[in-house]
Amino acid sequence: MATIELNYNNIRQNAINLKERSQDIIAVVKNNAYNLNLRECVKLYSEVGINYFATTKEEECKVIRETLGEDANIFLLNPTYNFDLVREYNVEINIASLEYLKENLENVRDLTLQLEFAGSMRRAGARNLEEVLEIINFCKENTLKLKGFWSHFSFADEFDGFYEKEKELVLKVLDEAQKHHDFEVIHLQNSASFLRDGVFEKTTHQRLGIILYGAMPYNVKENPVALKDLIIKNPITVYGEIINIVTLNKGECIGYSNSYIADAKKKVGVVNIGYGDGILRDRLKGQTCIINGKERNIYSTMMSHLVVEIGEEESIGDRVYIYDDKQQLHDYTKYFGPNSVQLAALNYNSLKVKKIY
Ligand SMILES: *Cc1c(COP(=O)(O)O)cnc(C)c1O
């Protein structure tokens with residue numbers, strides 16, 4: 001069976017290293033901690049002193065509270081209408097808009113609130129400085145508990161110049177907002193913003209996801225990095241094994257629709273892993289794997305199988321690595337885009353999960 005090994009030691013070490021370099025961390029643990037197991041991850045982060053968690057689902061907030069107890073700070077990023085749940089589990093909530101606040105005033109009176117500046121993300125939050133100030137004012141008039149200010153950059157993972165513009169706007173809005181309210185927590189930066197800029201003076205926390213899970217947020221070989229000596233260890237290893245060795249004559253094809261035609265008489269390996277295991281097709285097609293320490297071509301990609309190049313030394317049962325320390329998730333950013341896409345896609349129902357502590 002194809003296997004995914006999760007090295008929680010490395011996740012722990014990464015969290016320690018990131019904590020040293022940041023002001024403080026809000027760990028983003030949405031989507032089951034990017035698929036790396038919500039309970040395991042929040043426990044581990046909490047053990048290294050990270051005490052603030054953000055996710056998009058009410059249900060996950062509940063799991064975090066049940067796992068960590070009273071002391072953890074939990075922030076629900078999405079606007080919520082499940083006021084009973086967030087009250088019961090002491091979850092900080094996001095202000096979707098001034099209108100939301102007005103319409104739900106009685107429900108949010110005793111809750112802890114955070115003010116989002118929508119910026120160019122525009123999923124939720126105040127859409128301009130005017131609305132930011134109106135919300136602050138409304139909170140004051142109604143003695144609501146306004147704890148935080150936050151925003152999310154929509155271009156932090158791109159290097160086309162837009163990020164610098166949105167950063168300028170967000171910091172300007174923050175400046176103005178701070179003249180009218182003393183926020184206890186301020187968090188703007190995701191992994192990419194943190195990696196390329198280091199910390200912003202005016203904030204209190206970095207709101208980190210992907211980098212906490214051991215993958216760089218963008219192609220660091222081609223783009224600038226501010227945190228140069230930051231060490232992030234790979235926690236994810238994915239491999240299948242050779243289940244058959246087939247000799248093809250020159251011109252013979254293998255797999256669906258002539259997906260590979262042998263250019264000479266050769267042996268190829270059939271491997272028990274495919275895109276059905278959640279490996280992105282862009283990671284497989286025309287790319288390589290590692291067998292017995294050597295980089296080998298992937299010839300054909302199927303749901304549960306790959307056909308790969310092999311040498312004389314390969315035999316049945318040999319491991320075929322798709323992700324490991326040599327070929328990490330973030331080495332493929334330029335082929336498949338955000339690394340969180342690959343993390344989120346991994347199919348834990350079809351892979352055997354091996355946890356390493
Ligand atoms: C997912 C998410 C993050 C974390 O982003 P990364 O790029 O994974 O670090 C931070 N903030 C918000 C609002 C998010 O949705």
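This report walks through the ligand site, the pockets and the cavity of a predicted model.

## About the model

Local features here need pLDDT of at least 70 and side-chain atom pairs count only at pLDDT 80 or more, while totals for chains, interfaces and linings use all residues. Residues are numbered from 1 along each chain as its sequence is written, and side-chain values use heavy atoms, with hydrogens and water left out.

## Around the ligand

Let's start with the ligand, which has a shell of 13 residues; to be near it, a residue needs a heavy atom within 4 Å. The closest are Lys30, Tyr34, Ser191, Arg207 and Ile210. By class, the shell has 6 nonpolar, 4 polar and 3 charged residues. Here Ala, Val, Leu, Ile, Met, Phe, Trp, Tyr, Cys and Pro count as nonpolar, Asp, Glu, Lys and Arg as charged, and the others, Gly among them, as polar. Helix H2 (30-34) and strand S9 (206-208) each give the shell at least two residues; helices (H or I, at least four residues) and strands (E, at least two) are DSSP runs, numbered from the N terminus.

A polar side-chain atom of Tyr34 lies 2.5 Å from a ligand oxygen, and one of Lys30 lies 2.7 Å from a ligand oxygen. Ile210 instead brings a backbone N or O atom, 2.8 Å from an oxygen atom of the ligand. On its own, the ligand has 380 Å² of accessible area (Shrake-Rupley method, 1.4 Å probe), and the protein covers 93% of it.

## The largest pocket

The ligand sits in the largest pocket, meaning that more than half of its atoms lie within 2 Å of the pocket's grid points. A pocket is an open set of points on a 1 Å grid over the protein atoms alone, with protein on both sides within 12 Å along at least five of seven lines; a cavity is a set where a 1.4 Å probe fits but cannot get out, and lining residues have an atom within 4 Å of a point.

This pocket has a volume of about 860 Å³, counted as the space filled by probe spheres set on points joined across faces, edges and corners. Its lining has 40 residues, with Lys30, Tyr34, His152, Asn190 and Ser340 nearest the centre. Helix H13 (339-345) is among the elements that give two or more residues, and its 5 residues are the largest share.

## The cavity

A search of the whole structure finds 1 cavity of 30 Å³ or more. The largest cavity has a volume of about 40 Å³, and Tyr213, Asn234 and His330 are among its lining residues.

Key
A polar contact is a pair of N or O atoms within 3.5 Å; within protein, one must be able to donate a hydrogen and the other to accept it, and residues adjacent in sequence count only if both atoms are side-chain atoms.
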